[in-house]
Structures are given as C-alpha cells and as structure tokens.
Amino acid sequence: MFTITINDAAPPLFDNCPTTMVMIGNDPDQCSGKLNWTKPTATDVSAIFFNVIQTGGPLSGTVVPITCPPTPQTITYTANDGNGNISTCTFQIMVVDTEKPEFDADILMPGNVTVECDAVPTNCIPRTGGACTPLTNDDVNDNCTAPADLEVDFNEVSTQNPDPANCGHYNYMITRTWTITDCAGNELVHVQKITVQDTKAPTALCKNATATLDKNGKYTLSPFDVDNGSFDNCAPTANLTFSVMPVNGTGNPPLSCANLGPNLIILTVSDPCGNSATCTAVVTVVEGIAPCVPEIQVETSCMGMNNMGNATAMENGQFMDLITIKSLAMMTWKITVNVTSNGQGLYNINSPTPPAAPVLLPIGTTFIAGTADGIDNDGDGLMDEADEMIYYTLKVLHVDCQGYDITVSNAGGIGMGSLASFHIQNKACYPTPYFCNTEDVFCPCTTFDIEVCEYNNAAGSVVPGSIMVDGVPTTVFDAGALGVGPHTIMATFDAGIATTNLVINGVQLGGTMQDALNDPGCKQKITKVVNIVPTPNTLICNDLVYVSMDEDCKVTLGADDVLEGTYFCYDDYVVEVDKTAPFGNGPWEMPMFGPADIGKTYFYHVLHDCGGPNTCWGEVKIEDKLAPKLDCPIDITIACSEPVDVSYTGNVVVTDCSAYTTVIDDVFADFGECGSHRGQFLRTWIVTDIWGNQSSCSQLITITKFELASVVMPVDITVNCEDLHLNLSAIQPDATGRPSINGAPIGNGGYCSASISYTDEKFDICAGSYSIHRTWKVSNECLLLGNGNPIIHTQRIRVKDFGGPAFDCPATVTVSTDPFTCCATAALPSMIVSEGCSFISGLEAKVTGINPNNGNVITFTVPGHLEDFAGNNWWNPDTLAVFNYTQCMPIGEYTVQYKAQDQCSNISYCSFLLRVEGLGAPSRFLRPVHSSGSDG
C-alpha cells in the first residue's frame, strides 16, 4: 500500500468573464439604470466544489445614476476551488443615456404641408394654447439633460428662384430641420417639407372709363385705363401681365366711331405662373373734337355791298353760301352732283357781277381744308390752326329764288372716315317790294304818305331816306304840288337776313319755300312812274245802284261804284248816304251797310273832295244775293245701336246775312238685317234765306252690321241700399247697365240683329244687403246657334249698406241737480233716427265725465229703444229713438255719445255735451225731441 498525494495547484478558470465594458441603457424616462449582467462562471480541473462570488463593485440590480459623461463601474468576481487556488474576473459596466430628447407636451411640431405662396408659415412652433413662437430650450425636455443644457438647432433650405418674374419664385420647396441633442449625443430630429405653390389667380379690379376719340376717330385702349388696382396674392404688380379685349371680340383693336357709347371690355390679369382673372368694365366712347358722323352747316348771306346783292333787276339777285362740313380729319370732300335744271345751279364765288352769267362749279370741285381756308372755323379768333383740320369749307354762289341741288361726298378721297354724302338743296329769295298805295294815274287833289309793301307780306322795312319822288327825298306824294304829268317814285326795301329753304338729306332744316318768300333777305330797290291827270269837270251818277252784301255781310259804297264814265282816279271824290227819311236832305253819313240794310233803298250823293262845285246824286238799293254758306258734318260710320238723330250724328252750321229756314231730308238705304252693312242714311240739309238764296249739303251716315265681338257687357256695380227704399228701379238694367256698343245700349230699338235676355239670382248678405248675379245672354240672329252664339256674361250688382243708421245729435243739454241729493238724474233727449236698408238692432247712450268731488271717472251706459211718433210718415225709413234716464250725476260736464247699430253691424255715433248745474229748487225734467226727418 502506498499513498498517492495529488496536489492541486491550478486555479479555476472563468468561462465567460466579459472582456469589454458592459453597456446598459437607462431605464425608460429615467436618468439612471439598473445594473444587470450575466454572472460569470468558472471551471476547475480538480475541485469538485468551488464557489464564485462577487468581491467588488455594485451588485447586479443596483440602480446607478447616469453622469455626463457617463462613469464606468468596476465589477470583480473571485473563483475559489477550496485548495487555495483563486481566480478573479474583473470587468467594467456603465449605465449610459440612450433616450432621445422629447418635445414638451404642448408643442405641436408641424408636418409636411402644401401652401400658397402668400401663406408660407414661419418657423414658429404652435402650442396647444394657441401661441406660435420659434422653438427654444423651454420647449424640449430630456430624461438626463436639463432643458437649458440641450442643444436646439434649426436649419432651412429653399429651392426658390430669386427672379420674381419667374414662376419658380412662387413654386418651390422649403425643407426645415429641427435637431435637439442631449448631453449623451442622442438627437431628436424633426423634418418639415413645405411645398410652396401659386395656384391662386390675381384679383382683377375694374373701373369704368371714358375714351375720347382723337381727330381721326381712334383711341387705343390701355389696360390701365380700366384697371382699378388689380393685385396678386404673391407677385408684385410690376410682374403681372395686363390685357384688354372687347366682350365677344378678340385682341385689342383701337376703339373707333363704331364703338360710340358704352362698350363692355374684359380686363385680363395674369401672374408669372399663368394664373389669370378677369373683370368687366364699361368704356364709354365719346367723340373728340371731330364728329364721327359728319356734320354740315350752310350759312347764306347776301352778295354785294351793304346787303344790296349783285342784283340789277328783281329777278337776278345772288346769294353766297358758306358750306362747312365738320368730320374726321384727313378726309377729302368734293361735289359729285350739281343739278342745273329749272334754273338751279351752284356757281363759282368769283363769278362776274350780274347781269353776266355766273360760272357753274364743275363736278369734282374739292372742299378746302380748314387749315387753309382763311376762316375762323372754331370761333376762337384764329384762322387756319392745326385743330381746324376737321373742317372742310366751300364758298359758292346761287341765284335768287332759284337755289341749287347738289350732292357732296367723301367717296374717292383720302381719309379714315366711313363713306358719307350729303344731298343739299337750298333756296333763298330777295324781297319783292312794291308801292302799295300808288296807282298809275292820280288826280291833282291826291295827297298821301308813300307806302312800300311786299308781295308776300315779308318782314322788313324801308331804308330811311330811300323814298324819293323825282329824285327828292320825301315820304309824301302831293299831286297838286307836283303838277300834271309823269313822276318817278323810288324806294329801297331792307328784308334783313333771309330765311332759307334748306333741305339736307331730305330733312328740312330751314323754312319752307313759302317761308323763304315770306321772309326773304337783302335789300331791293324799286321804281315806279305815275301820271297826274286833271280832274273831270262834270260828274254823272247812276240813278239807281244795286249793291250786294259781301261774304262778311258788310259792304262799303265807293265813287267807282256809282259814277258813270271815265275818271282815272276816284280818290278825289267822296260818297255819302242819307238813311233817314225823308231822303235827300241828310243827315249824311259814310256809305257803309250791314245786314239791317238789306232790302232797303237810300239816297246818296257824290262830292268832289277838293271842295269844287262838281256833284251828282242817285239812289242805292242794298241786296243779299249770296246763298247761305253751309258747313255740313263729316260722313260718319256708327254702330247699329247708336241713334241717328241730328243731335248725335251732327248738325249743319249755317252762315248767312239774312234769316233762313232749314229742311232736313233723310233717304235710308236698307241693306238687310244680315247685310255687310245694316244700311245708310243720306241726310241732306236744304237752307233757304228770306231772299230765296238757297244752298244744300249732305252727310252720309253708314250703319254697321251687328257684331257680337263689338258688344260691351255691363260692368259690376254697387248700389246703396238706401237708394232702393222708395226706388226699386235702382237695380233695374236701365240704371245698372245693359249690353251696349259704343256706349249705346242694344235691345232698345235701333238696327241691330240682336236678341237679349237676362236672369237674376239673388244672394243675401245681411238684412237689406244682398248681391244679384245677373246673367246676360246676347244672340246674333244672323248666325247659327253655338260657337259663341249667344255670348254669356254675368254681372254682379251688389246692394250694400254703406253705414249705420242716420241721425243728428242734439245741442248741448243743461239739467239741474236734485237739491236733496246734489246730483241729477237726467232724461236724455230723444231723436229721429233713419235706416233705409235694414232694421235698427241696438241703441245705446254712453255718458262719461269726472266726479268733481274725488276726481274719479264716471262712465255708464243708458239703453235706448224705438217708438213711433205722432204724424210719422211710415213711407219714410225713420222712427224715434228714446233713451232711459241716467244715473244720478254730480255737478259737472259730461260727454254723451249716442250709438245706433243696424242688423248688418254698421254702427253710427254722435256726441253732445250734457251739463249738470246746481240750480237750487227742484226742477221738472222734460224729454225734448230732436227731429232730423221731414215728417218729424
């Protein structure tokens, strides 16, 4: 036996001792960590039992705070095999912060967003409370690092084009990055991408504008004429594009005369990204200095010095016309027609003086531009200015009362205006004066003021000093002073400015031709040679002269009416007549006769006006040989229902110097009941005066056939039921209306082929008030029944009670108090009350006043009733309203209101004053009766 000794000299070996630092993250939301590792194990080659224990450092499960930078912990394990062999395992373990920082709970970090270019958000961060400010350390937190020690970074990157005229300036991307870093280097990163775009159209704002055309009739419209501050949400105004175009049009053509008045214009505003908006403006185009429609003016004046004209005789005076056309500039106007028939013609202004023939203006004669015509066309005192290029003038001649007929046109010439022409017709006349009180022969006794008249009664006057006899200025013709023989009278008549018979394009702008004659112009000289002859020595009168009345029923006897033979002039003789028997010895009076003288014979004599001895005499008989003058009524056509008497169709108007009788002769032509016309009256008036002079005239009265379409049915009507009380005819057709034609009822005679009927249906409303539905049927007897024959119409006749019972209030009533009670119980006055429609259903008196003792209101009602009264006429709708006594009333004034109501609920009121006075001794109260009826 031997002993074997085994020595164990080998230490245990650790199987899994960490060779690197063990890293442990922090506990959630904590700045600490619980240590935790796998316990190392060991093996030993000999020992069966050995132990491994931790001999250094904190134990597993220990919570260790985190430091920044982090602090490692050393952990030591010892393995002992029991034989004195020991091994150690040492490693480091460190708790580190692995948790990222966080945003505070009230922070709402923005997400990716697409925005308009005018709505790019700032980098502020919204809070749940509504505030928005940039992110700061106060907005973040960390499990280990204090907010103030966190690193907060912001970064922004943009792809925006810097050119504001480029769409990329408004369509781009912004990337924003927020980075929060704690002490351990943990990062919280938030990235926001902002897509910026421009999708909004500009705001187009328009204003109305006025465009004034230039002298050429053009205006180039600018967008800024109608822009009223248009803007864009992003782009500056300078980078917007503006354009205008007419509604229903394209492009921007210049405005012209074709656009006069309001024009709808579209303004388009576009931004650099192509977004556009429009608005509409009204551009009112007005003319400038040049009219779009050419205007023409013709001024006519007398030719020659002092308006005497170029006339050498009454027939060859001349006028000058200044024809002015105002139109667009740069035009050419010329004469295209110059009519020369019937003495007409337009002549050169430089034609020779009459009686030489004027020079006709040739076709194609061109108007002179206002810049070179030597005329102040615009009236500013200057001639041939640049702004007068819109005038075109031509000075011409035309002959007295012959005038001209021309056409002027801008066709074939240069210029920007549309084609236009004027057809001009013009005439003007010189006056045609004459000596209106001079004869060819005068007697020596004649003396008169020389008078000048005008054949057309034209306005004008004699030129002062121009009247001369034998070359001597004078206004008196004295035959005795001049002596027997020929003498020359001269005068000049001034007609002033002529009225022209001007017609342009068929429109009469001047007067008529008669106006031109009645109001001529210029001055005209007239000459007349008259003879003075001796007065005959012997006068011979007609023994009996018959004188007939003139149409005005007057006649004046002259010397030429009664003298026999040749006397040359009759102004030297005076005729006088004796109308008072015995005839022949005066009194002598002027030989003027009227209707009262017809049929009578008077004595006359003729005296020499110069006082000479010559005289003669005779008789004159006044006659009426004029037939009556008739004015017949015009022919008329009347309806078959209308009357044919003279008072309706018209009567003759007779004018005659004597009494007359009138006979009316009617001849009726009957065309049959169903003819195209019913018939005709030929009405003839035959008028004969007492001297047997007779006249006649006729009127044709045509009666049309009956037509249902011409019938006018009676309208609805309202009748006061009071009118029916004693007159039931108030609701009969004669009062309420019948079917009629032209206001004349049919069915009451006449010539209509009509048959008429009506039926009444009554509808009660209340007592005395009702409605009648009257159905009319009118048939044409010349037509078959059916198809609207007869025609039917319902007329409503409303019988209405328009008011309550009628009565008049009594005058003021005075009563006295009862001396024992100091108040009055009054008998209210009775009154007559009338109600013609229904019955009186209620009577009441209301008394109102103030109690003088306490100031309280006193009011009460007193009932009333109806009673008959002596002498009552029961045919009248009246009766007596009687009221009861009042209650006892203190001294004072009271208002009494009577109220009456009928069965249709119509109410009437009236009021009067009731005085209560303290009269001492007791009084007897009488009941006065107030009557408003005729039988009261």
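**Disulfides, salt bridges and pockets**

Analyst: Let's start with a disulfide, the one that joins Cys640 to Cys752, with an S to S distance of 1.9 Å. A disulfide here is a pair of cysteine sulfur atoms within 2.5 Å. This is a predicted model, where local features need pLDDT of at least 70 and side-chain atom pairs count only at pLDDT 80 or more, while totals for chains, interfaces and linings use all residues. Residues are numbered from 1 along each chain as its sequence is written, and side-chain values use heavy atoms, with hydrogens and water left out.

User: What's the handedness of the Cys640 and Cys752 disulfide?

Analyst: The torsion about that S-S bond is about 95 degrees, so the disulfide of Cys640 and Cys752 is right-handed. The pair links distant parts of the chain, 112 residues apart: Cys640 is in the loop between β51 and α5 (646–649), and Cys752 is in the loop between β58 (744–745) and β59 (754–766). Strands (E, at least two residues) and helices (H or I, at least four) are DSSP runs, numbered from the N terminus.

User: Are Cys640 and Cys752 buried or exposed?

Analyst: Both Cys640 and Cys752 are buried. Buried means under 20% relative accessible area, exposed means over 50%, and partly exposed is in between, with a 1.4 Å probe and protein chains only.

User: And which cysteine is in no disulfide?

Analyst: Cys822 is in no disulfide; its nearest cysteine sulfur belongs to Cys823, 7.7 Å away. Cys822 counts as exposed, at 56% relative accessibility.

User: How many disulfides does the count come to?

Analyst: By that rule, 20 disulfides. One of them joins Cys117 to Cys234, with S to S at 1.7 Å. Cys117 lies in the loop between β10 (113–116) and β11 (124–126) and Cys234 in the loop between α1 (223–226) and β19 (241–246), so the pair ties together parts that are 117 residues apart in sequence. Cys117 counts as buried at 14% relative accessibility, whereas Cys234 is partly exposed at 21%.

User: OK, salt bridges. How many does the structure hold?

Analyst: There are 11 salt bridges, each being a side-chain nitrogen of Lys or Arg within 4 Å of a carboxyl oxygen of Asp or Glu. Lys579 and Asp597 meet in one of them, at 3.4 Å from N to O. Those two link distant parts of the chain, 18 residues apart: Lys579 is in the loop between β45 (573–578) and β46 (588–589), Asp597 in the loop between β47 (592–593) and β48 (601–608).

User: Which residue forms a salt bridge with Asp734?

Analyst: Arg738 does, with the closest N and O atoms 2.9 Å apart. Arg738 counts as partly exposed at 25% relative accessibility, and Asp734 as exposed at 65%.

User: Last topic. How much space lies in the largest pocket?

Analyst: About 290 Å³. It is lined by 15 residues, of which Glu835, Ser838, Phe839, Pro877 and Asp878 lie nearest its centre. A pocket is an open set of points on a 1 Å grid over the protein atoms alone, where a 1.4 Å probe fits, with protein on both sides within 12 Å along at least five of seven lines; lining residues have an atom within 4 Å of a point. The volume is the space filled by probe spheres set on the points, which are joined across faces, edges and corners.

User: What about the second largest pocket?

Analyst: About 170 Å³ of space lies in that one. Its lining includes Cys31, Cys68, Cys144 and Cys183.
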